[in-house]
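Please look over the sequence and the structure before turning to the notes below.

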Amino acid sequence: MPCPALPDGFDFTDPDLLHHRVPLPEFAELRRAEPVRWIPQPPNLAGFQDEGYWAVTRHADVRYVSTHPELFSSSLNTAIIRFNDHIERDAIDAQRLILLNMDPPEHTRVRQIVQRGFTPRAIRALEQRLRDRALAIVGSARAHSGPFDFVTEVACELPLQAIAELIGIPQDDRVKIFEWSNRMIAYDDPEYAITEEVGAESATELISYAMNMAADRKQCPAKDIVSTLVAAEDEGNLGSDEFGFFVLMLSVAGNETTRNAITHGMHAFLTHPEQWELYKRTRPATTAEEIVRWATPVVSFQRTATQDTELGGKRIRKGDRVGLFYASANHDPEVFGNPDDFDITRDPNPHLGFGGGGPHYCLGKSLAVLEIDLIFHAIADAMPDLSLVGDPRRLRSAWINGVKELQVDAG
């Protein structure tokens, strides 16, 4: 099998690459010819003192790594595949306090606690409030007399409100959460003029806010999720600092990712009008899962090998970083028929947009699917003739498939 013909220096984590496109042709070439491929990097380019990472592009291999945390650690180098080259190692290590960057058994302990907030009963309790908010959001957007930005007017609002509702953030404070989470992930995009230091300051502010919430509930428990997580007396609970880092993770994993899924979903509908017409007529229950597969808001996370092992016929050394490219896995023709088609009736749909299984499978999947369903039902009812005005303006990022702006017209 010939080696894939990638240009010299091609790096799937180059922020300039995702600024323009998701590299689906290059992923396809790797899946065909070299599904586990060493990608060299200059030392410290990504914030790590090493010489590169292994790009894992097949669905089966991404699932294997995800479900074997004893071989592939989230904690050693965190799950973030690329930081800025000037980040200090202490700043990377500090991120191990976030659930995303923990390994069992600590991950197991914390996840068992926070799962209390994501039970089917807890999600059902939010549904009517989120439905009302979805209708209000779309109704407000519909009132525009001309073009408007779908991202700011529609996509960003419901995920923010969902997280805020879940943990009881007062309405007046919710815009702060949105601003802090934006700054934490935007340091790769020069348009925002946000440095990594500003992102770190925003993270500190968000954590402090959440820690204060936790401290208040420890003193005066209420009938809300925060009290459930931090004030339980008869079983394990989160410390105030642990709760702070949990809210930080939610603000990115629950807010940014769902917002981008909604935006990409709307763009997919408007560039595949037959699918939009089908959705308006039949509202298939499979829609949200296909939107997440198609969008794959998190292009990649990473793991670090805890021992010498083999993957895809390649010898992985202890300490090597391994990039899990979900965007590639979600277009694997060995798993998906016609993977480059946007098909809202696709079933089954074993995509990895919520992770590859294992301990880090997305905690908030049910909430994200609910949000996507609610917002597109509302759009189809109130803005059935929505049309594109311009191409999406993409976020410059090493690992997020993000859209900053999508101009549309309600007609």
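Helices are DSSP runs of H or I with at least four residues, strands are DSSP runs of E with at least two, and both are numbered from the N terminus. The model described here is predicted. The chain has 16 helices and twelve strands. Its radius of gyration is 21 Å, close to the 22 Å that the globule rule gives for 411 residues, so the chain is as compact as a globular protein of that length.

**The chain as a whole**

- Taken along the principal axes, the box filled by the C-alpha atoms is roughly 55 × 55 × 40 Å.
- Of the 411 residues, 57% count as buried.
- Among contacts in the chain with a separation of 6 or more, 72% come from residues 24 or more positions apart.

**Helix α5 and its buried face**

- Helix α5 spans residues 106–114, and its buried residues are H107, V110, R111, I113 and V114.
- Viewed down the axis of α5, these buried residues fall within an arc of 160 degrees, so they line one face of the helix.
- An α-helix has 3.6 residues a turn, so residues three or four places apart point the same way.
- The cover over the buried residues of α5 includes α11 (225–230) and α12 (240–271).

**Buried residues in other helices**

- L248 is found in helix α12, and this residue is buried, with a relative accessible area of 9%.
- Not counting residues up to four places away in sequence, L248 touches I98, M184, A203, L206 and I207.
- L248 and T204 are 44 residues apart along the chain, and their C-alpha atoms are separated by 9.1 Å.
- L126 belongs to helix α6, which covers residues 120–142, and L126 is buried, at 4% relative accessible area.
- Leaving aside neighbours within four places in sequence, L126 is in contact with A162, E165, L166 and L367.
- L126 and I81 are 45 residues apart along the chain, with 33 Å between their C-alpha atoms.
- A327 lies in helix α15, made up of residues 326–329, and A327 is buried, with a relative accessible area of 4%.
- Residues up to four places away in sequence aside, A327 touches V22, L24, F27, T296 and V299.
- From C-alpha to C-alpha, A327 and R217 are 40 Å apart in space, and they are 110 residues apart in sequence.

**A buried residue in a strand**

- T309 lies in strand β6, which runs over residues 309–311.
- T309 has a relative accessibility of 11%, and the cut-off for buried is under 20%, so T309 counts as buried.
- Apart from residues up to four places away in sequence, T309 touches L71, F72, K314, R315 and I316.

**Backbone features in the loops**

- Most residues other than glycine have a negative phi, and most peptide bonds are trans.
- The peptide bond that joins P104 and P105 is cis, with omega about 5 degrees.
- P105 is found in the loop between α4 (89–94) and α5.
- A cis peptide bond also runs from D347 to P348, with omega near 5 degrees.
- P348 lies in the loop between α15 and α16 (365–382).
- N338 is also found in the loop between α15 and α16.
- Phi of N338 is near 45 degrees, a positive value in a residue other than glycine.
- N338 is exposed, with a relative accessible area of 56%.
- R283 is not a glycine, yet its phi is positive, at about 50 degrees.
- The loop between α13 (273–282) and α14 (287–295) holds R283, which is partly exposed, with a relative accessible area of 22%.

Note on methods. Residues numbered from 1 in each chain as written. Predicted model: local features only at pLDDT ≥ 70, side-chain atom pairs only at ≥ 80, totals over all residues. Heavy atoms only, no water. Buried < 20%, exposed > 50% of the residue type's maximum accessible area, 1.4 Å probe, protein only. Arc of directions from axis to C-beta. Contact = heavy atoms within 4.5 Å. Rg over C-alpha atoms; globule rule 2.2 N^0.38 Å.
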